[in-house]
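Please keep the sequence and the structure in view while reading.

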Amino acid sequence: MQISKREFLKQLGLLGAAGATGAAFGDEYVPDKSKLPPGSCGDPKNVWFGRHIFPLEHTQTDGPSCYLKDGKVLEPAKEIPIFHQTDVVVVGGGAAGFSAALGAARAGAKVALIERYGSLGGLFTNGMVLIMLATSRREESGKWTLVTRGVCGEFMERVGKFGKDFSSQPTNTTPAKHWLPTVDPEAAKYLMDEMIVENKNIEIFYHAWGVDVIQDGNKVLGVVFESKEGRQAILAKQVVDCSGDADMLFKAGGDYKQITSSITTVFRWANMDTINPPPGSKAKFWTHGNEGNPDANWGGASMNTGNPISIRDLTKVEISQRKLNWERVMKMRATPGWEKVYTSNSASQIGIRGSRLIDAEFIMGRKEIYEGYDKSDTVGWCGHDGAHTAFPFVYRQLLPKKIDNLLCAGRCLGKGDTIDTFRLICPCFATGHAAGVAAGLAALKGVTPRTLAYSDLKSELLKQNVFI
Ligand SMILES: Cc1cc2nc3c(=O)[nH]c(=O)nc-3n(C[C@H](O)[C@H](O)[C@H](O)COP(=O)(O)OP(=O)(O)OC[C@H]3O[C@@H](n4cnc5c(N)ncnc54)[C@H](O)[C@@H]3O)c2cc1C
C-alpha cells in the first residue's frame, strides 16, 4: 500500500480503534434457535471454532509501501519498530544456532534466538538428516574418545535416555565403538525446545526470518527480522550468524565464496517393518535403515545441483525430487511384499550441503589439516568423519574478516575440500557452541570478538565441558 505521510499518521491515530472490530464481531448474525432443525450447527454455541473467535488489537500498523518510479521499484525510508534488546542475538536455530544460544546464555549473557521455521534443529531435524556424524577421536589403543562434548555431548546423552526407538545408539557406555546415533527428528526437536526453555537467559522467537543487520560502518549493532507483523529490529551487542547460508554476513557486506553442491530433499518412509517379499522375489528396494524405529526409513530422493540460494533452482529441486520419490514409492507399493510402504513425511527444509562459505581470519582446508596450522586458539574439535581423522578447529575460523561484532558458525565454515567435515552435524554443534560462548563473553566484557582474550574464552569453554 502506498500512502501519504498524512494518511499514515492518521492511521497510527486509529491504533486504539480495535474496539470497532469488536463491535463487528458483536453484530454477528445469531439464528432463532427455535427454528433450527435438531442437531443443527447453526447455533453458535455448538460451533467450537466460532466460540473461540475474539477480536485482537492490531499489534502493528503498515508503513508506506514500495513504489514504482521510472520503471524502478523504490523502498521509502521508514522507521522499524524495536522489538527487543539483548546482549547476543543468534540467527538460525540449527545444530549451530541451538548450541550458540546455549553457549552464550551459559556464559551469563542475555540471548535472543530467531528461527524462520517453527522448530529447532535445521537440517538435522527439519531436513531429516539424522545421523550425528564426526563425534569422536580414535586413540592409538583403538578406543574412541568423544570430542564433540559441551552442548553436543549433553544433547546426545539426553536424547539417548529416550531409548532405542528414538536414538539408535542410546548410550556411549563402550568407547570401543564410534558413537554415531541416528536420532528421531521429533525427539530431537522436543529435546532442543526443552534445553532452550530451561535456560532463563534465552528468549526464542520462531517464525522470524532474519533479513538484515543494523550497522554502524563495519560494526554490527543488531538484526532486522521479518514476520507476519512486518519488519522489526533486535538491538544486540553481538550477533551470531548460524543461518547456514551466512545470510547476516552477506547483509553486513562481509566477503564469502559461493559454491554449489548436491541438493537433496529427504523423505521418510513408513511401514518398513511390514515388508515381506514372497520367496524367490528379486525386487530390490531400500528396506529398514539405521533408524531406531523399525517402522521407518529415511533417505534422499536424489542429488541435484543448482544455485542453493536461487528460489528458481530450489523450486525445481523440490518438485522434481517429490515426483521421483512418489514414483519410487508407487513402484514399491505395486510390488508383492511392499504394498504397505508409504511416504510418511518429507523434509520441510531442503538439503543444502553448502552455499556461502565465509572469508574468515583463518580458513581451514585439507592442506592445513595435513600440513599443520597454528592451533594456539583451539576452541573445539571435529571428530573422525571418514575422510579425516579427528582434528581441532580454531577461533579465527569463526571470525569474519572486516566485519565486527559478528561471529559465524555451522556449515558456512571451511574451504571447498573441507566442507564435508565442517558441515556435519556434530562439528556444527561444536563451532556453534564456541561462537556462542565468544559472543556472550564479548558482550559481557564490552569488547569485540576480535579483541576478546583467548584465555578468557578457553576457560569458559572448559567450564562448559568443551573438549579442547
Ligand atoms: C541430504 C543431506 C544429508 C546429510 N547427511 C548428514 C549425515 O548423515 N550426518 C551428518 O552429521 N551431517 C549430514 N549432513 C550435513 C548436516 O546435516 C548439516 O550441514 C548441518 O546439520 C548444518 O547445521 P547448521 O546449523 O550449520 O545449518 P542448518 O541446519 O541449515 O540450520 C540453519 C537454521 O537457520 C534457519 N535460518 C536460515 N536462514 C535464516 C534466516 N535468515 N533467519 C532465521 N532463520 C534462518 C534455518 O531454518 C535453520 O533452522 C547432510 C546434509 C544434507 C543436505
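## Helix H7 and its surroundings

Helix H7 (residues 311-333) contains 23 residues and reaches 33 Å from its first C-alpha to its last, close to the 33 Å expected at 1.5 Å a residue. The expected span of a helix is taken as 1.5 Å times one less than its number of residues. Helices (H or I, at least four residues) and strands (E, at least two) are DSSP runs, numbered from the N terminus. Val317, Gln321 and Asn325 of H7 are buried. A residue is called buried if 20 or more other C-beta atoms lie within 10 Å of its own, exposed if 12 or fewer, and partly exposed in between, with C-beta atoms placed from the backbone. The cover over the buried residues of H7 includes strand E12 (263-264), strand E13 (266-270) and strand E15 (342-346).

## The model as a whole

This is a predicted model, in which local features need pLDDT of at least 70 and side-chain atom pairs count only at pLDDT 80 or more, while totals for chains, interfaces and linings use all residues. Residues are numbered from 1 along each chain as its sequence is written. The average pLDDT, the predictor's confidence in each residue from 0 to 100, is 90 for the protein, and 91% of the residues score at least 70. Over residues 12-24 the pLDDT stays under 50, and the model has nine contacts beyond four places in sequence for them. Two residues are in contact if their C-beta atoms, placed from the backbone, lie within 7 Å.

The protein has 11 helices and 20 strands, and its C-alpha trace spans about 80 × 70 × 45 Å along the principal axes. Of the 468 residues in the protein, 41% are buried. Among contacts between residues at least 6 apart in sequence, 72% join residues at least 24 apart.

## Two domains

The protein is divided into domain 1 (82-259 + 355-463) and domain 2 (263-352), with bounds that come from an automatic or database domain assignment. Their C-alpha centres lie 29 Å apart. Domain 1 gives 19 residues to the contact and domain 2 gives 14 residues. On the side of domain 1 that touches domain 2, the residues divide into seven nonpolar, eight polar and four charged. In this grouping Ala, Val, Leu, Ile, Met, Phe, Trp, Tyr, Cys and Pro count as nonpolar, Asp, Glu, Lys and Arg as charged, and the others, Gly among them, as polar.

## Helix H3

How far apart are the end C-alpha atoms of helix H3 (residues 95-106)? They are 17 Å apart, which agrees with the 16 Å that its 12 residues should span at 1.5 Å a residue. Because 12 of the 12 residues of H3 are buried, the helix is largely enclosed by the rest of the structure. Among them are Phe98, Leu102 and Arg106. Just after H3, Gly108 takes a positive phi of about 110°.

## A hairpin and positive phi angles

Strands E8 (residues 209-216) and E9 (residues 219-227) run antiparallel and are joined by seven bridges; strands pair if DSSP finds at least two bridges between them. Asp212 stands opposite Val224 in E9. The hairpin of E8 and E9 has two residues between the strands, and Gly217 there takes a positive phi near 60°.

Most residues other than glycine have a negative phi, and most peptide bonds are trans. Ala134 has a positive phi of about 60° although it is not a glycine. This alanine lies in the loop between strand E4 (111-114) and strand E5 (136-138), and Ala134 counts as buried with 30 C-beta neighbours inside 10 Å. His207, also not a glycine, has a positive phi of about 55°. The loop between strand E7 (202-205) and E8 holds His207, which counts as partly exposed with 14 C-beta neighbours inside 10 Å.

## Two further residues

His84 lies in strand E3 (residues 82-91) and is partly exposed, with 17 other C-beta atoms within 10 Å. Thr389 lies in the loop between strand E18 (378-382) and strand E19 (391-394); Thr389 is exposed, with 12 other C-beta atoms within 10 Å. Leaving aside neighbours within four places in sequence, His84 is in contact with Ala112 and Ile234, while Thr389 touches Arg138 and His384, not counting residues up to four places away. The table gives two C-alpha separations.

| Pair | Separation along the chain | C-alpha to C-alpha distance |
|---|---|---|
| Thr389 and Arg138 | 251 residues | 7.7 Å |
| His84 and Gly222 | 138 residues | 9.9 Å |
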